[in-house]
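Here are some notes for a colleague who is opening this entry for the first time. Please read them with the sequence and the model side by side.

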Amino acid sequence: MRRFSVSELLTFWKRYGVASDECYYCGAWLMDMSPDKVTLEHIQPVSRGGAHAMFNIVPCCETCNLAASRADLTHTA
């Protein structure tokens, strides 16, 4: 699976209006969290047919990442 550089992801997110300093789902401010609590999340899991591509990867807090299988987890913006 290809690893995307931080620069590639930040450029892509900026172009498409994804806030790189907030959790894509709950809006939590990621800059206040310890680095081990900030994750990258596939919006549609690869295990369920989602692509491993920049358009399917968002910044996410650990809490939302762990809850990603919940049906009510949606983008807030």
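In which strand is Glu41 found?

1. Glu41 is found in strand E1, residues 38-42, where strands (E, at least two residues) are DSSP runs numbered from the N terminus. This is a predicted model, in which local features need pLDDT of at least 70 and side-chain atom pairs count only at pLDDT 80 or more, while totals for chains, interfaces and linings use all residues. Residues are numbered from 1 along each chain as its sequence is written, and side-chain values use heavy atoms, with hydrogens and water left out.

2. Glu41 is buried (under 20% relative accessible area, with a 1.4 Å probe and protein chains only), yet Glu41 has no salt bridge, a term that requires a side-chain nitrogen of Lys or Arg within 4 Å of a carboxyl oxygen of Asp or Glu. The nearest side chain of opposite charge, Arg48, is 8.5 Å away. The side chain of Glu41 does make a polar contact of 3.4 Å with that of Asn65, the term being used for a pair of N or O atoms within 3.5 Å, one able to donate a hydrogen and the other to accept it.

3. The count of aromatic pairs comes to 2, with ring centres required to lie within 6.5 Å. Phe12 is buried at 18% relative accessible area, whereas Tyr16, at 54%, counts as exposed, for which the cut-off is over 50%.

4. The rings of Tyr24 and Tyr25 have planes at 90 degrees and centres 5.3 Å apart, so this pair is edge-to-face. Tyr24 is buried, with a relative accessible area of 18%, and Tyr25 is buried as well, at 7%.

Methods: Rings of Phe, Tyr and Trp (its six-membered ring) pair if their centres lie within 6.5 Å; planes under 30 degrees apart count as stacked, over 60 as edge-to-face and the rest as tilted. Helices (H or I, at least four residues) and strands (E, at least two) are DSSP runs, numbered from the N terminus. Lys and Arg count as positive and Asp and Glu as negative; His and the chain ends are not counted.
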